[in-house]
Amino acid sequence: MTIRGQKRMDQGVIAWLPNNGPAKEDGPTKDRGKDRGGAASQPPRRIFFDRRELDLILRLYGRMVAAGEWRDYAMADGAEAAIFAVHRRTSEQPLYRIEKRPALARKQGAFAVLGADGRVLKRGHELANVLSVLERKLLKLVEAD
C-alpha cells in the first residue's frame, strides 16, 4: 500500500520512498489516507506466548540454568510462530527451540520442541506435555551411600 510516499512492508516496517509524482496543490482530497482497495489495511497479527505459557517455559529455563545446562535464551514473535530459543553460550546456535504455531493447533498441536539440528523432539496440544521432553534432561542418576 502506498500513501503519500510511504510503503508498508509485510513485517510491519514502514520504508519511506520518494513520491511518484508532484503532489496536488488544490487541497485535501476525499481518498487521502485510504487504501486504494477501499478498506483500511491492518498490520499482520503477531504470535507470542501468553503469560501462562511463558511462565511454564521460564520455570523450566530457571531450573536448567541452576543445573548449569543452559545459560542464555532468545525470544522472537512473528506472523506465523512464536519462538523461545535456548543457548548454552550466547555465541552459539540454539540447543533447543520451543515453538508455538497456532495454525497447527487443530492438526498436530500448536507447541513443538525442536533440537539443534531442526528435528522435532516432541509436538503436542499442551505445552506442559511438550516441555516434558526437556525436563527429562534434569533427571540424573545419584549413587546412594
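Colleague: Which residues form one aromatic cluster?
Modeller: In this predicted model, the cluster is made up of Tyr-61, Trp-70, Tyr-73, Phe-84 and Tyr-96.

Colleague: And how many aromatic pairs does the structure hold?
Modeller: There are 6 aromatic pairs, among them Phe-48 with Phe-49, which is edge-to-face, with 6.1 Å centre to centre and 70 degrees between the planes. Tyr-73 and Phe-84, on the other hand, are stacked, with 5.0 Å between the centres and 10 degrees between the planes.

Colleague: Where do Tyr-73 and Phe-84 sit in the chain?
Modeller: Tyr-73 belongs to strand β4 and Phe-84 to strand β5, 11 residues apart, and the pair links distant parts of the chain.

Colleague: Is Phe-84 buried or exposed?
Modeller: Phe-84 is buried, because its relative accessibility is 0%, whereas Tyr-73, at 37%, is partly exposed.

Colleague: Switching to charges, how many salt bridges are there?
Modeller: The structure has 8 salt bridges, and one of them joins Asp-55 and Arg-59 at 3.1 Å, N to O.

Colleague: What does Glu-80 pair with?
Modeller: Glu-80 forms a salt bridge with Arg-101, with 4.0 Å between the closest N and O atoms. Because Glu-80 lies in the loop between β4 and β5 and Arg-101 in the loop between β6 and β7, the pair ties together parts that are 21 residues apart in sequence.

Colleague: Which residues are joined into one network by shared partners?
Modeller: That network consists of Glu-80, Arg-97, Glu-99 and Arg-101, and within it the side chains of Glu-99 and Arg-101 meet at 3.0 Å, N to O.

Key:
Residues are numbered from 1 along each chain as its sequence is written. This is a predicted model: local features need pLDDT of at least 70, side-chain atom pairs count only at pLDDT 80 or more; totals for chains, interfaces and linings use all residues. Side-chain values use heavy atoms; hydrogens and water are left out. Rings of Phe, Tyr and Trp (its six-membered ring) pair if their centres lie within 6.5 Å; planes under 30 degrees apart count as stacked, over 60 as edge-to-face and the rest as tilted. Helices (H or I, at least four residues) and strands (E, at least two) are DSSP runs, numbered from the N terminus. Buried means under 20% relative accessible area, exposed over 50%, partly exposed in between (1.4 Å probe, protein chains only).
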